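Subject: Structure handover, with notes on pockets, cavities and contacts

Dear colleague,

I am handing over the structure below, followed by an account of what was found in it. Please read the notes with the structure open beside them.

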Amino acid sequence: MKKRLGFTAIAVAAALALAGCSGNSGTPSATGDKNQTGTIRVLVANFPANNVGQSVFGKIVDIFHKTYPNIKVESDFVPYDSLNQKISTSLASGQNYDVISAGIGWVQPLADLHAIQSLTKLGITEKTLEKTVYPSFVDPMLYENDVYAVPVVANPRVLAYSKSAFEKAGLDPNKAPQTLDELRADAKKLTIRDGSGTITQTGFDFWAPPSNYRQQFVAFMGALGAQEFTKGKPTFAGNAGVDALSLIHDMISVDKSSTYGYQNSAKTALVTTGEAAMGFTGPYVDCGTGEGGIGDKCKDLVYFNLKDKKEVEYVGGRIAAIGEGSKYTGADLAMLKAFQDPTIQEEISKIDVGVPVNKDAGDSSFVKSNPASSFAFKNLDKGVFEYGGPTFLDFRAKFGPSLDQVILGKAEAKSTLEALKKVAEG
């Protein structure tokens, strides 16, 4: 059997054994049974183990206990780089987690490993998901045409530019670049250097450390009308992928309108601090005047999408799923519902620096609290994602460093993407 996710072969075998002997008929064992007892184990990736994280999870448990007051909840908070080991160990010991909350890219790999189970068999279908979330969020939840997870929070990366910087460069402050060619041309005009040639204002900030240009690549490729994966199959090695990666190389290594891998000490988006005239940023910008706030700079920022062949917004996010073999499927469903509660989505959005995924969250005070959140939420229906197929996490580990070789002019775009396609195919 082929190894997935870097898990050991014994973990895979244990997962398959667990799936085979769980005896789960696909029907929840109980629905809202206030007398049911037991303990469910919940694994939550990238949740702070401090008072803030504990408080938010406590609120999730409080909502859950309204339906299952006598079922205890044990939580396990882990960073993403420890998630593989945690799941591997739980599967190998035959004690899988009942509920797992992770990132969007984990759905297909965990489903393929039999670490999480089909929710379609439990009544959560594509149609039921589309009633509450945008259709673009449904496909990332699927594996072999079944729903395996529910989206909890979206984590977009939006584009912004400085109106004042545009004016100084002789560009129309009311006209955002619409295409990648326009973006490149504007970035060159917006770059300012001192007498020694050192950049004093970056033309375009990718907001990425070394080996982490994957999301930006997906966003650019999406604007050219392509996806990283389609129905679990890699589709990033076509002309759109080559053009997107070549553009990133040109902007960094040819035009030098962006500095490879540069981040400020706070690792904040340079466009929000004034260090860059244009670039990627997150879906929350503090417009206050206190520590961390950018004050009136908020009024200078304009948010936009690229629209070459398709208008897109890059989106990551958090999901929740039910572990294969769980004895408490009804309670697990209640826990997923608690994760999706509107108030909880807002609380998790603060931790994840994201926005809620529910369609009706646009009118909430949270989304309206700042222009970045409002723009990001408004454009969730245009989402393009970084996910795809059972081998995705193993592939992603190789993806970023390989892209860097092209960006720095050490490799050719087409051959690199073709080689990565073979890795993704397994």
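Strand 13 (313–322) contributes 5 residues to the lining of the largest pocket, the largest share of any element, where helices (H or I, at least four residues) and strands (E, at least two) are DSSP runs numbered from the N terminus. This is a predicted model, in which local features need pLDDT of at least 70 and side-chain atom pairs count only at pLDDT 80 or more, while totals for chains, interfaces and linings use all residues. Residues are numbered from 1 along each chain as its sequence is written, and side-chain values use heavy atoms, with hydrogens and water left out.

Pockets and cavities were found on a 1 Å grid over the protein atoms alone: a cavity is a set of points where a 1.4 Å probe fits but cannot get out, a pocket is an open set with protein on both sides within 12 Å along at least five of seven lines, and lining residues have an atom within 4 Å of a point. Grid points are joined across faces, edges and corners, and a volume is the space filled by probe spheres set on the points.

Besides strand 13, at least two lining residues each come from strand 6 (150–162), helix 8 (214–223), helix 10 (270–273) and helix 12 (342–352). By class the lining holds 15 nonpolar, 16 polar and 8 charged residues, with Ala, Val, Leu, Ile, Met, Phe, Trp, Tyr, Cys and Pro counted as nonpolar, Asp, Glu, Lys and Arg as charged, and the others, Gly among them, as polar.

The second largest pocket, at about 460 Å³, is lined by 21 residues, with Glu144, Lys231, Gly232, Lys233 and Gly389 nearest its centre. Strand 4 (142–143), strand 10 (233–234) and helix 15 (413–425) each give two or more residues to this lining, which divides into 6 nonpolar, 7 polar and 8 charged.

Of cavities of 30 Å³ or more, the structure holds 2. The largest has a volume of about 80 Å³, and its lining includes Arg157, Phe220, Phe280, Phe304 and Tyr314. Strand 6 supplies the largest share of that lining, 3 residues, and by class there are 9 nonpolar, 1 polar and 2 charged residues. The second largest cavity, of about 50 Å³, has Trp207, Tyr213 and Leu270 among its lining residues.

Tyrosine 213 also belongs to a stacked aromatic pair with tyrosine 260, at 5.9 Å centre to centre and 10 degrees between the planes; rings of Phe, Tyr and Trp (its six-membered ring) pair if their centres lie within 6.5 Å, and planes under 30 degrees apart count as stacked, over 60 as edge-to-face and the rest as tilted. The two tyrosines are 47 residues apart, tyrosine 213 in the loop between strand 8 (199–201) and helix 8, and tyrosine 260 in the loop between helix 9 (239–254) and helix 10. In the whole structure, 26 aromatic pairs were found.

Finally, the axes of helix 14 (residues 392–407) and helix 15 come within 10 Å and cross at roughly 175 degrees, the axes being lines fitted to C-alpha atoms, for helices over the stretch in contact, and angles running from 0 to 180 degrees between N-to-C directions. Helix 14 is therefore roughly antiparallel to helix 15 (angles under 35 degrees count as roughly parallel, over 145 as roughly antiparallel, 65 to 115 as roughly perpendicular and the rest as oblique). Phe395, Phe399 and Leu403 of helix 14 and Leu417, Leu420 and Val423 of helix 15 are among the residues that make the contact, meaning heavy atoms within 4.5 Å.

With best regards
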